[in-house]
Amino acid sequence: MSTLTIQKKIFRLYRNVRQLTLAAFVLFILTICVRWIVLSKSKTDFGPSERENLYLPRMKNNRNGRPDLPKYIHLDLKGAPPKAEKFFESFFIFLTKLQMGVKGVVIEYEDTLPLQGSLTNATHRYGYTKSDIQLIEQSAKRQGLDIIPLIQTFGHLEWILKLREFESYRDDPKLPTVISPCVDKTYSLLEDLVQQTLDMHPNSQTIHIGCDEVIVTNTNPSCEGKTMSSAETYIQHIRRIIDIVRKIRPQIRILIWDDILRGDSFLRNRKLLKQIEGLIEPVSWNYFPTFDDYYKSLLGWRIYPRYFKTMWAASAFKGGLHRYSLSTNTKHHVSNNRQWLHFLESPTFRPDSFSGIILTGWSRFDHFMPLCDILPTAYPSLLYSLHALNTDEYLTSDSVRSCTSIWASISFLTILLPKVERQLKILDTIVPQYNRKHSFVRRVELQSRLNELSSLSKDLTRSKQTAEQHLNELYSKDVVDEWIDLYFKPIEDRINTTFTELIPEERKLFWERRPLT
């Protein structure tokens, strides 16, 4: 049965159940949208014209939400970048058809851009080609979506600074994290990076220059004799990056993470802020489900409007919670987005204080960290988070597992893996390491527990094969291998070790006298 035929049947079904409650309706939306996650080899067909897309949310005039607030979806490609031809066109159509106020995407490419020249060796060996970037550009343009490229220009430059040829650029020679403002070559390198990035994004009218979580040590040998404070160094560097960007594209808007700027050393120093006045737009990120009083009462909320034309908010729909995470915590992220809505609606701000909100979707905490919250597990979170921002309604569901997809496969694993863990823990109590070491095992119950573990192990193997099959449709082999090694191999190794150690004990008929040592 074709996708279009299925959709037509769904449309007819929907017409008969118009009186569903809102909660049931949204669950219905999710069930349909999850079909998109399968991402088959053919392009996804979203059915007839936009007006006939009855499975899409129809937002009511809800005074409590902000359907008018522009929303941008952040794609963190430093972890698990999807195959360009399998993902972007369908995803952009998906965002447009949602009709939830999504105006564009913020794409953090890191090492996946097809850079040339001195940066060639810093790129991912299986990164995107220029034709892939053109596909992304053209697909977004067809859907009327803005692309905001995000490139780190101060900290989080591990993907470059880890390499031997860029060791001399490090702020701290021992750490490949922050690039040194004291090194003259720093700015020619960053100009090359910005130039190539913007050349590949001719339609972009906004760029994000990163600059979060920067700790400047000035321990690079080139910094010897420099007397500027960390705050002065930071602002001087930002100003030079602004000049580079404006030289390449004079009218472009420049976004920057605000976690450094919101410090007192900046906010209470008018001289420093004057140097970047009106040149950047701070993006304030907070991924907690509840904002503490300190954050709500930041001096920055009063200072920013004096120096910057506008601000941006940044929530999260995935990542930003646990560094090592198999699937997305929908409830946490929906709460975070709803908290942002409440904060934006508070008396602290004017209705037009913020240009938009970026829903971040982190795939790694940094270049060296493991994959977390692989994207297909986050679609329910994305939908419900957008819904919360538009309506102020808290709706979540992690229970829709009836479709065959990456998300369904991983959702099943989130149930299966704890069962395996429990069984291994029980066996550890029956046969602790001391007993295994001395082959002194109480065989009562051992056989039944090993049988249960064997059954779970077979389920795990089947689940691995299913997940791997789906993942291979969307991701390159290196991504799939990394994900398998992170989330399957450790427990597989524990299972195999358990069988290796305990199966011989089933044949043992005689044991040693105590003491065993």
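The model is predicted, so local features need pLDDT of at least 70 and side-chain atom pairs count only at pLDDT 80 or more, while totals for chains, interfaces and linings use all residues. Residues are numbered from 1 along each chain as its sequence is written, and side-chain values use heavy atoms, with hydrogens and water left out. The structure holds five cavities of 30 Å³ or more, and its largest pocket has a volume of about 810 Å³.

**Terms for voids and elements**

- On a 1 Å grid over the protein atoms alone, a cavity is a set of points where a 1.4 Å probe fits but cannot get out. A pocket is an open set with protein on both sides within 12 Å along at least five of seven lines, and lining residues have an atom within 4 Å of a point.
- Points are joined across faces, edges and corners, and a volume is the space filled by probe spheres set on them.
- Helices (H or I, at least four residues) and strands (E, at least two) are DSSP runs, numbered from the N terminus.
- Ala, Val, Leu, Ile, Met, Phe, Trp, Tyr, Cys and Pro count as nonpolar, Asp, Glu, Lys and Arg as charged, and the others, Gly among them, as polar.

**Largest pocket**

- The lining of the largest pocket has 37 residues, of which His156, Asp212, Glu213, Trp285 and Phe365 lie nearest its centre.
- By class, this lining has 15 nonpolar, nine polar and 13 charged residues.
- Strand S4 (170-172), strand S5 (175-179) and helix H10 (293-296) each supply at least two lining residues; S5 gives the most, with three.

**Cavities**

- The largest cavity contains about 130 Å³ of space. Its lining has 18 residues, and Asp76, Gly79, Ala80, Ser363 and Leu375 lie nearest the centre.
- Strand S1 (71-76) and strand S9 (311-318) each supply at least two residues of that lining, and S1 has the largest share, three residues.
- The lining of the largest cavity divides into eleven nonpolar, four polar and three charged residues.
- The second largest cavity contains about 60 Å³ of space and is lined by Glu108, Glu110, Leu150, Ile151, Gln152, His156, Trp159 and Leu193. Four of these residues are nonpolar, two polar and two charged.

**Helix packing**

- Axes are lines fitted to C-alpha atoms, for helices over the stretch in contact, and angles run from 0 to 180 degrees between N-to-C directions. Contact means heavy atoms within 4.5 Å.
- Helix H3 (residues 84-98) and helix H13 (residues 379-391) pack at about 30°, with axes 12 Å apart. H3 is therefore roughly parallel to H13 (under 35 degrees; over 145 is roughly antiparallel, 65 to 115 roughly perpendicular, the rest oblique).
- The contact involves Phe87, Phe91, Phe94, Leu95 and Leu98 of H3 and Tyr379, Leu382, Leu383 and Leu386 of H13. Its residues divide into nine nonpolar, no polar and no charged.
- Helix H16 (residues 446-474) and helix H18 (residues 489-502) pack at about 150°, with axes 11 Å apart, and are therefore roughly antiparallel.
- H16 supplies Leu446, Leu450, Leu453, Ser454, Ser457, Leu460 and Lys464 to the contact, and H18 supplies Ile491, Glu492, Ile495, Thr498, Phe499 and Leu502. By class there are eight nonpolar, three polar and two charged residues in this contact.
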